[in-house]
Amino acid sequence: MSIKGCQCARNMEDKDAIQCFQCQLAFHQDCVGISKSAFKVISSVSNIKWYCDECMKLLPDVKSLNKAVRDSNDALNTKIDKIDESNNLLRSELEAIKSLIQRNVDGAERFDGTVLSTELCNLNNDLNKSFADAVRCEVTS
Ligand SMILES: [Zn+2]
Ligand SMILES: [Zn+2]
């Protein structure tokens, strides 16, 4: 970075200067209103092009560029919405599983020897019954 584009009196050092892709002038990152974190990204990614204010005014395709950025932002937002949706779905499924587990834990605490055997007996009967039902269904259909 060589020629200074900034109107301020400060020295221009490479580490905090950003160069316009169009006119090649260098500007202080803070003078052109770029945050430190954004500047880090811009200077570390070589294919991000930055234009100074003057060049932005002159660029004929800035408007369409902005539209393209907006469009891809919209697409991104839609994707994020979809991810949000499936996250919510997952969350409600998790809640269902959690309450199921909770119910089982409650049930297990309730069990003592006699209750347990009665429950098992009932369960066994239920299974037999539904097995019989299933068989009957198979036979009659
Ligand atoms: Zn420029
Ligand atoms: Zn400056």
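The protein chain has four helices and two strands, both being DSSP runs numbered from the N terminus (helices H or I, at least four residues; strands E, at least two). From the N terminus on, the order of these elements is β-β-α-α-α-α. The model is predicted: local features need pLDDT of at least 70 and side-chain atom pairs count only at pLDDT 80 or more, whereas totals for chains, interfaces and linings use all residues. Residues are numbered from 1 along each chain as its sequence is written, while chains are lettered from A and ligands numbered from 1 in the order in which they are written.

The mean pLDDT (the predictor's confidence in each residue, from 0 to 100) of the protein chain is 78, and 79% of the residues score at least 70. Where pLDDT is low, the predicted coordinates should not be read in detail.

Of the 141 residues of the protein chain, 5% count as buried; a residue is buried with 20 or more other C-beta atoms within 10 Å of its own, exposed with 12 or fewer and partly exposed in between, the C-beta atoms being placed from the backbone. Beyond its neighbours within four places in sequence, Cys52 is in contact (backbone-placed C-beta atoms within 7 Å) with Gly5, Cys20, Cys23, Leu25, Phe27 and Val32.

Gln24 lies in the loop between β1 and β2. Although not a glycine, Gln24 has a positive phi of about 65 degrees.

Notes:
Contact = placed C-beta atoms within 7 Å.
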